[in-house]
Amino acid sequence: LLKDAMQKAKIDVEDEEIARAIVNVLRQNRMTPEQLKMDLASKGTTYEQYKMQVAQQIRMIKFTNQVIGQQVKLSDRELRDYYERNKERFGASSTFESAREQVYDDLYEERMNEAMKNYLLAQRQKAYIDIR
């Protein structure tokens with residue numbers, strides 16, 4: 001269902017985006033391109049297959065941000081309430097202002113997961129499968 005929705009939304013991934021993502025992976029793992037290719041080969045994957053996987057991951061992120069992310073709006077009140085309910089998560093000595101970015105990230109991720117579940121549920125309800 002998601003694959004179909006991404007195709008309908010015409011989410012494209014440019015070669016430069018794939019290259020940047022792979023450079024980030026190399027940097028994070030302190031690897032050279034040759035080391036990455038050897039690691040992939042040891043796992044039975046080619047570099048081209050890996051690039052296709054990276055492209056699919058980027059496509060999914062873009063789709064999620066464009067379609068699902070627009071449904072998630074967080075007010076300052078919601079952030080403060082979330083912080084108050086989860087103070088222990090942010091450290092005993094933290095203040096809302098010092099933890100604001102982490103509070104936003106945590107609540108946004110929570111709401112994105114809810115929105116994605118709701119989106120998938122709606123897509124499933126629209127889907128018709130004829131089993132013969």
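So, H5 and H7: these two helices are roughly perpendicular to each other, because angles of 65 to 115 degrees get that label, while under 35 degrees counts as roughly parallel, over 145 as roughly antiparallel and the rest as oblique. Their axes cross at roughly 100° and come within 9 Å. By axes I mean lines fitted to C-alpha atoms, for helices over the stretch in contact, with angles running from 0 to 180 degrees between N-to-C directions. And the helices themselves are DSSP runs (H or I, at least four residues), numbered from the N terminus.

Before I go on, a word on what we're looking at. This is a predicted model, where local features need pLDDT of at least 70 and side-chain atom pairs count only at pLDDT 80 or more, while totals for chains, interfaces and linings use all residues. Residues are numbered from 1 along each chain as its sequence is written, and side-chain values use heavy atoms, leaving out hydrogens and water.

Back to H5 and H7. Who touches whom? From H5 we have Asp76, Glu78, Leu79, Arg80, Tyr82 and Tyr83, and they meet Phe96, Glu97, Ala99, Arg100, Val103, Tyr104, Asp106, Leu107, Glu110 and Arg111 in H7. Contact here means heavy atoms within 4.5 Å. Sort the residues of that contact and you get 8 nonpolar, no polar and 8 charged. For that sorting, Ala, Val, Leu, Ile, Met, Phe, Trp, Tyr, Cys and Pro are nonpolar, Asp, Glu, Lys and Arg are charged, and the others, Gly among them, are polar.

Let's stay with H7, residues 96-126. With 31 residues, H7 reaches 42 Å from first C-alpha to last, close to the 45 Å expected. The expected span is 1.5 Å times one less than the number of residues. Where does H7 bend? At glutamine 102, by about 40°; that's the angle between axes fitted to the seven residues ending there and the seven starting there.

Several H7 residues are buried, including Phe96, Val103, Leu107, Met116 and Leu120. Buried means under 20% relative accessible area, exposed is over 50%, and partly exposed is in between (1.4 Å probe, protein chains only). H7's buried residues pack against helix H1 (2-8), helix H4 (47-68), helix H5 (76-85) and helix H6 (87-90).

H4 is our next partner. The axes of H4 and H7 cross at roughly 90° and come within 11 Å, which makes H4 roughly perpendicular to H7. On the H4 side the contact uses Met60, Phe63, Thr64, Asn65, Val67 and Ile68, and on the H7 side Met112, Ala115, Met116 and Tyr119. This contact divides into 8 nonpolar, 2 polar and no charged residues.

H4 also packs with H2, at an angle of about 105° and with the axes 10 Å apart. That makes H2 roughly perpendicular to H4. Here Glu17, Ile18, Ala21, Ile22 and Val25 of H2 meet Tyr47, Tyr50, Lys51, Val54, Ala55, Ile58 and Lys62 of H4. The count is 9 nonpolar, no polar and 3 charged.

Now a closer look at H2, residues 15-29. Its 15 residues should span 21 Å, and the end C-alpha atoms are 21 Å apart, so the two agree. Buried in H2 are Glu17, Ile18, Ile22 and Leu26, and they pack against helix H3 (33-42) and H4.

Is glutamate 17 buried or exposed? It counts as buried because its relative accessibility is 18%. Leaving aside neighbours within four places in sequence, glutamate 17 is in contact with Asp12, Ile58 and Lys62. Alanine 19, also in H2, counts as partly exposed at 40% relative accessibility. Alanine 19 and valine 54 are 35 residues apart in sequence, and 9.3 Å apart from C-alpha to C-alpha.

Over in H4 sits glutamine 57, which counts as exposed at 51% relative accessibility.

Which residue follows H2? Arginine 30, with a positive phi near 50°. Arginine 30 lies in the loop between H2 and H3 and is exposed, with a relative accessible area of 77%. Lysine 10 isn't a glycine, yet its phi is positive too, about 55°. Lysine 10 is in the loop between H1 and H2, and at 67% relative accessibility it counts as exposed.
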